[in-house]
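Open the model in your viewer and keep the selection panel handy.

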Amino acid sequence: MISDQITKRDRNRYELLRMLQRQGPLRRSELSRECHVRISSIISLTDELIAEGLVTLNEPDRPRSPLTFTSDRWFVVTGAVMADRIEFAQVGLDGQVYNYTRQAISNRASAQTLQAALFQGLDAQRTLCPGRLLGMGIALTGIVDPAPGLWHSAIHFPAVNSVSLAPDMEALLGCPVMVENDARASLWGALWFEPRLAALSNVVYLSLCSGIGSALLIQGHLHTGTHCYAGELGHMRAGEEGRLCCCGKSDCLETYCAIPALAAELRRVEPLMNDEATPADLAELIRTNPQAAEIADQAMARLGRLLGALASYVDPDAILLGEQEPALYEALLPSLRHHIQQEFQGRGTEALPIELVAAPEHAPQRGIAAMVINEAFRNTLSPLYRERPIFTANAPACATSTTDHF
């Protein structure tokens, strides 16, 4: 009986925190109504959260004042390994990014070099963290198994081969570290920080950048598949032109639809467009040049064919487009929507919603931070959280077991 009561209290506490995350400041009476929890229990839980410093009253002298997160006190330190760089930042409970830094990295870097760069960057961010640290997270290009914290492989980093990244980083840094594929992290961040998307249960997520990232949400859970390959579209065959891909094969979807490939094709009709052209420049050319629009339409036909097939299996609430300049997506969207709809011949006239993520900048960092926040919220429910040291700015790292979890 006591165990059931603790479980119920833990669940109520998590739902309370999640409600504040989704809806912003709320009064205790509103939390009681929204969470379907008695007001006496809400008062007890919120008093506990105020004492822990997670939430605060907007007007401290008024007990009926709305409650909000103390977002300037709690942070997640994040790293994101891209094809040619590593990015670091601190992310608050509200998704704000602070102290963003980046450093170039060679694709010939060894696994040890990558780990050393991650350790130095994360440790520097922790030292500069202006508040209390919930944990650390790393978003990674390539194939990632988040449960054991393994970075299996990455096309852009051939030296990566089943690197035990999270356990190694936890041992070095002395605090919990989460790892996840960058596209899956970005999808989770969009659902976590954008209230309009929070109710979605089935989602296909796509990003067009230096490569093509994709991820799946099925029945409210990120879907990784048996070998953590689920949703990987970028290296599926999409043509017969013999275009060489960085993976060593040819005619992968990335060689037709990723931003470098699209830009190279557009330079055929606009030779004056240089290698430094931005996604916004590409969008303007597509809107104003009929030949460029035709090239973009051909690329979207290839993308729509594979993306439409994936969507037909998932039957999603929506397809989300993220991690890119919105202007480029807006220029490509009519063509992409048309070609995806052509794949749904048996679905009648019902339109499959395709939406842009509102805040695409720093998407992997915000996404992995959202995952850490979610797990930290869940773990505040257990005695382990209250007994575990919380790391503060300019404080030495405390030793913890590499088997600790959030």
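**Stop 1: the largest cavity**

The largest cavity has a volume of about 80 Å³. This is a predicted model, where local features need pLDDT of at least 70, side-chain atom pairs count only at pLDDT 80 or more, and totals for chains, interfaces and linings use all residues. Residues are numbered from 1 along each chain as its sequence is written, and side-chain values use heavy atoms, with hydrogens and water left out.

A cavity here is a set of points, on a 1 Å grid over the protein atoms alone, where a 1.4 Å probe fits but cannot get out. Grid points are joined across faces, edges and corners, and a volume is the space filled by probe spheres set on the points. The structure holds 2 cavities of 30 Å³ or more.

Select Ser186, Ala190, Val357, Ala359 and Ala363: of the 14 lining residues, these lie nearest the centre of the largest cavity. Lining residues have an atom within 4 Å of a point. Now colour helix 6 (182–193) and helix 12 (363–379), the elements that give two or more residues to this lining. Helices are DSSP runs (H or I, at least four residues), numbered from the N terminus. Helix 6 gives the most, with 4 residues.

By class, the lining has 7 nonpolar, 4 polar and 3 charged residues. Ala, Val, Leu, Ile, Met, Phe, Trp, Tyr, Cys and Pro count as nonpolar, Asp, Glu, Lys and Arg as charged, and the others, Gly among them, as polar.

**Stop 2: helix 8 and helix 9**

Select residues 259–266 (helix 8) and residues 279–288 (helix 9). Their axes come within 11 Å and cross at roughly 45°. That makes helix 8 oblique to helix 9. Axes are lines fitted to C-alpha atoms over the stretch in contact, and angles run from 0 to 180 degrees between N-to-C directions. Under 35 degrees counts as roughly parallel, over 145 as roughly antiparallel, 65 to 115 as roughly perpendicular and the rest as oblique.

Show side chains. Ile259, Ala263 and Leu266 of helix 8 meet Leu282, Leu285 and Ile286 of helix 9. Contact means heavy atoms within 4.5 Å. The contact has 6 nonpolar, no polar and no charged residues.

**Stop 3: helix 8 and helix 10**

Leu262, Glu265 and Leu266 of helix 8 meet Ala292, Ile295, Ala296 and Ala299 of helix 10. This contact has 6 nonpolar, no polar and 1 charged residues.

**Stop 4: helix 10 and helix 11**

Select the contact residues, including Ala296, Met300 and Arg305 of helix 10 and Leu332, His339 and Glu343 of helix 11. The contact divides into 8 nonpolar, 4 polar and 3 charged residues.

Technical notes
1 Å grid on protein atoms, 1.4 Å probe; cavity = no way out; pocket = protein on both sides within 12 Å on 5 of 7 lines; lining within 4 Å.
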